[in-house]
Amino acid sequence: MRLLGVGMCGAVLAVGLLAAPAQASAGGEPADAELRSAGWALKDTGKDVRFRGLAAVSRTTAWVAGSKGTVLRTVDGGRTWGDVSPPGAVAEGLELRDIEAFDARRAVALSIGEGEASRVLRTEDGGATWTETFRNPDPRAFYDCLTFFDARHGLAMSDPVDGRFRILSTDDGGRSWRVLPGEGMPAALAGEAGFAASGQCLVSAGPRDVWLATGGGPTARVLHSADRGLTWRAAESTVPAGDPARGVFALAFRDRTRGLAVGGDYRAGQASPQAAAISSDGGRTWRQAAAPPPAYRSGAAWYPYSGGTALAVGPTGTDVTVDGGRSWRSLDAGSFDTVDCAADTGCWASGEKGRVARLERR
């Protein structure tokens, strides 16, 4: 969406989860007293750009992507960061709003914008070299987010073209891309688009399920595909819309049934009631969080092995839920745009002014 530039410190989780995720309870709801043993530890990146793209590979390895064509990578838990920015992206000042990494060497980054500003870049050598694998030829398209099902299969999504969201597909790890047929995509609502705020307006879970978040239209919707983007079904969320600045900004699915949606109104000082919703049926229906975050949130991530624990972040703070998104608690006022957790429980967050942090025991 043509918003947010051109178009997403002390969050707490249980020390027991950090230390021994395999022993987490089936429900995953740790006691409140345990939720005060870990928090965000800021990592000095040496940059002042805004990092809306984030890929957590592990507790030691993470990638961030942001404005001015900047890409950084750490392999030592954030103690040091390597500037692995694509030279062409830097020269053109591209807005890199999403990055997906398979490991410390392989990553795929998306730049956003109208027409040829929307591109996909890929590296196989830790960012030493990059290859541009897609450049959008259609001036009507504006790509917002990408996601991968596995190391080979992935999708990227554009704001509506000819009245439907456009989906780009790869089956070779991002080396080549093709636009999928639009017949299986429902018609877009008037003013509807995606938000390139945190790289989480398009998310996947498992080998074939993918969800797309919308805003800007009369209602904020979540579109779901169970066949890697060939056919889609739309469902209304409870997150308020009706304005170009409002809607669902980020999705997070623990599996193919349990999902979270967060958003609101991204304009500073604007109220964002009902800024979170939950689904237990794969996004077919959504219900409002009983106690949502107190303000707009642009990013969300489930905590591994915990059942019901997840994080939501935004410019005014971080919130945590331990009951699957039904209720959220404000835990910090530090600004972050996006959050991601790796399978080894390594959770990272990034945002404005070069801010990057990792969740650590105090």
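How many of the residues of strand 18 are buried? I looked this up first. Strand 18 is mostly covered, with 7 of its 8 residues buried. Buried here means under 20% relative accessible area, exposed over 50%, and partly exposed in between, with a 1.4 Å probe and protein chains only.

**Ground rules.** I am working on a predicted model, where local features need pLDDT of at least 70, side-chain atom pairs count only at pLDDT 80 or more, and totals for chains, interfaces and linings use all residues. Residues are numbered from 1 along each chain as its sequence is written, and side-chain values use heavy atoms, with hydrogens and water left out. Strands (E, at least two residues) and helices (H or I, at least four) are DSSP runs, numbered from the N terminus. I call two strands paired if DSSP finds at least two bridges between them.

**Strand 18 and its partner.** I followed strand 18 to strand 19 (residues 259–265). The two pair in the antiparallel sense over 7 bridges. They form a hairpin with 5 residues between them.

**Sheet 22-23-24-25.** Next I traced an open sheet of 4 strands, in the order 22-23-24-25, with antiparallel pairing. Strand 22 (299–302) and strand 25 (329–332) stand at the edges with a single partner strand each, so one side of each has no neighbour in the sheet. Neighbouring strands here are turned by 25° against each other on average, direction ignored. For that angle, axes are lines fitted to C-alpha atoms, for helices over the stretch in contact, and angles run from 0 to 180 degrees between N-to-C directions.

I then went through the pairs. Strand 23 (residues 310–314) and strand 24 (residues 317–321) are antiparallel and share 5 bridges. Their hairpin has 2 residues between the strands. Gly314 is bridged to Gly317 of strand 24. Strand 24 is also joined to strand 25 by 3 bridges, again antiparallel. There, Val320 has Arg329 in strand 25 as its bridge partner.

**Is strand 24 covered on one face or both?** Both faces are covered. In a regular strand the side chains alternate between the two faces of the sheet. I find Gly317, Asp319 and Thr321 on one side and Thr318 and Val320 on the other, all buried.

Leu331 and Val320 are 11 residues apart in sequence and 7.0 Å apart in space, C-alpha to C-alpha.

**Sheet 2-3-4-5.** A further open sheet of 4 strands has the order 2-3-4-5, with antiparallel pairing. Strand 2 and strand 5 (82–83) stand at its edges, each with a single partner strand, so one side of each is left without a neighbour in the sheet. Strand 4 and strand 5 run antiparallel and are joined by 2 bridges. Arg73 has Gly82 in strand 5 as its bridge partner.

I looked into the loop between strand 3 (62–66) and strand 4 (71–74), where Thr70 lies. Thr70 counts as buried, at 7% relative accessibility. Leaving out residues up to four places away in sequence, Thr70 touches Val49, Phe51, Val64, Ala65, Ser85 and Leu96. Contact means heavy atoms within 4.5 Å.

The largest pocket has a volume of about 970 Å³. Of its 37 lining residues, Glu100, Ser204, Phe253, Asp340 and Cys341 are the closest to its centre. Strand 2, strand 18 and strand 22 are among the elements that give two or more residues to this lining. The lining divides into 25 nonpolar, 7 polar and 5 charged residues.

The second largest pocket has a volume of about 240 Å³. It is lined by 15 residues, and the closest to its centre are Tyr266, Arg267, Ala268, Tyr296 and Pro315. I count 6 nonpolar, 4 polar and 5 charged residues in this lining.

My pocket terms: on a 1 Å grid over the protein atoms alone, a pocket is an open set of points where a 1.4 Å probe fits, with protein on both sides within 12 Å along at least five of seven lines, and lining residues have an atom within 4 Å of a point. A volume is the space filled by probe spheres set on the points, joined across faces, edges and corners. Ala, Val, Leu, Ile, Met, Phe, Trp, Tyr, Cys and Pro count as nonpolar, Asp, Glu, Lys and Arg as charged, and the others, Gly among them, as polar.
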